[in-house]
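I opened the model today to look up a few sites. My notes follow in the order I took them.

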Amino acid sequence: MKIIDTHCDTLLRCFLDKNWKLSDNEGHISIAKMQQGGALAQFFAIYIDRDEFPDMGHYDKFNEMHKIYEREISENSGSIAKAFCEKDIIQNAASGKISSILAIEDGVVIADSMERLDEVFEKGVRLITLTWNYENSIGYPCSNNMQQHMRGLKPFGIEAVEKMNNLGIIVDVSHLSEGGFNDVARYSKKPFIASHSCARKLCDHRRNLTDNQLRTLGEKGGFVGVNFCSAFLREGSEYATIDDIVRHTVYMADKAGIESVGMGSDFDGIENGLEMKDYAGYPLVVNALEKHFSQTDIEKICSKNMMRVIRETM
Ligand SMILES: [Zn+2]
């Protein structure tokens, strides 16, 4: 089964550890692990870590990590190639290559500049997670404080969403406040996604989506990628079982619709134990989905839903 996974932090590993290579490493994602798991396309996030190297500017960090991305893709050019739209993914697959799609996690990189948005698009970015766990020029993060959680996008954030629609950059609402989510639903003319989130009803964590949010995502033709972080899958858990992942997939398919659910592992960004161990374990998840879904629906969950969003947005 071919997989499109909408979030990983592998580039952060490479940034923090000079010896961390995509070709081979101890983490969740390497070329061989992706090949074993059935990767069709992987979104690689440039996550802006505010704690590491505090003297470096956000855009400088982005550019450093962008260099690493370019280096890692070119060093593995026999197995993986960049993709900027659906056609690229199909062509790369026809040449036996996995596609990599570049993302930004935390719109703080954009600061409050529309030109910056043009620049990152030129540099290949095709998805932006609007916020991480801090306020930025776009909006506010999800919070346990309901007053904060219901704060909407800032005026610049609304403009940024419209510009991302026009450029062909996917709007990602994982980490965003619920008020921000509602504004994206209101203002985005294209489907938007939650690249790595789970169901609030099954696990009461601020990072997870309520039934209403899941229904809205479905109505807007959007997508939610199940996150393999144990704290988002089951309260108090430090180990993510395949059953946990399947449970959230089944629930979110029921609320958002079978056309709007998929995989957003957060590989190399999560610290918990995983029954599937790493990317190579994806076939175990696919097998477990067979108890609940037809083969056609499993294909949708694993890649076709996100491929549709890519076609409609990028
Ligand atoms: Zn994240």
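Which residues does Asp-183 touch, not counting residues up to four places away in sequence? I find Gly-152, Leu-153 and Ser-188, where contact means heavy atoms within 4.5 Å.

Before going on, I note that this is a predicted model, in which local features need pLDDT of at least 70 and side-chain atom pairs count only at pLDDT 80 or more, while totals for chains, interfaces and linings use all residues. Residues are numbered from 1 along each chain as its sequence is written, and side-chain values use heavy atoms, with hydrogens and water left out.

**Asp-183 and its helix**

I place Asp-183 in helix α8 (residues 178-187). Helices (H or I, at least four residues) and strands (E, at least two) are DSSP runs, numbered from the N terminus. Asp-183 is buried, with a relative accessible area of 10%. I use buried for under 20% relative accessible area, exposed for over 50% and partly exposed in between (1.4 Å probe, protein chains only). A polar atom of the Asp-183 side chain lies 2.9 Å from the backbone nitrogen of Leu-153.

I then checked the rest of α8. Seven of its ten residues are buried, so the helix is largely enclosed by the rest of the structure. The buried ones are Glu-178, Gly-179, Gly-180, Phe-181, Asp-183, Val-184 and Ala-185. They pack against α6 (146-149), α7 (155-167), β6 (170-172) and α9.

Glu-105 and His-196 are both buried.

**Cysteines**

I count zero disulfides, taking a disulfide as a pair of cysteine sulfur atoms within 2.5 Å. For Cys-142, the nearest cysteine sulfur is that of Cys-229, 12 Å away. Cys-142 is buried at 5% relative accessible area. For Cys-302, the nearest cysteine sulfur belongs to Cys-198, 16 Å away. Cys-302 is also buried, at 2% relative accessibility.

**Val-120**

I find Val-120 in helix α5 (residues 114-122). Val-120 is buried, with a relative accessible area of 0%. Not counting residues up to four places away in sequence, Val-120 touches Tyr-59, Phe-62, Ile-104, Val-109, Ile-110, Val-125 and Ile-128.

**Pocket and cavities**

I ran these on a 1 Å grid over the protein atoms alone: a cavity is a set of points where a 1.4 Å probe fits but cannot get out, a pocket is an open set with protein on both sides within 12 Å along at least five of seven lines, and lining residues have an atom within 4 Å of a point. Points are joined across faces, edges and corners, and a volume is the space filled by probe spheres set on them.

The largest pocket has a volume of about 340 Å³. Of its 20 lining residues, Asp-9, Trp-132, Asp-266, Gly-269 and Ile-270 are closest to the centre. Helix α1 (residues 10-16) gives the largest share of this lining, three residues.

I also find three cavities of 30 Å³ or more. The largest cavity has a volume of about 70 Å³.

Technical notes. A polar contact is a pair of N or O atoms within 3.5 Å; within protein, one must be able to donate a hydrogen and the other to accept it, and residues adjacent in sequence count only if both atoms are side-chain atoms.
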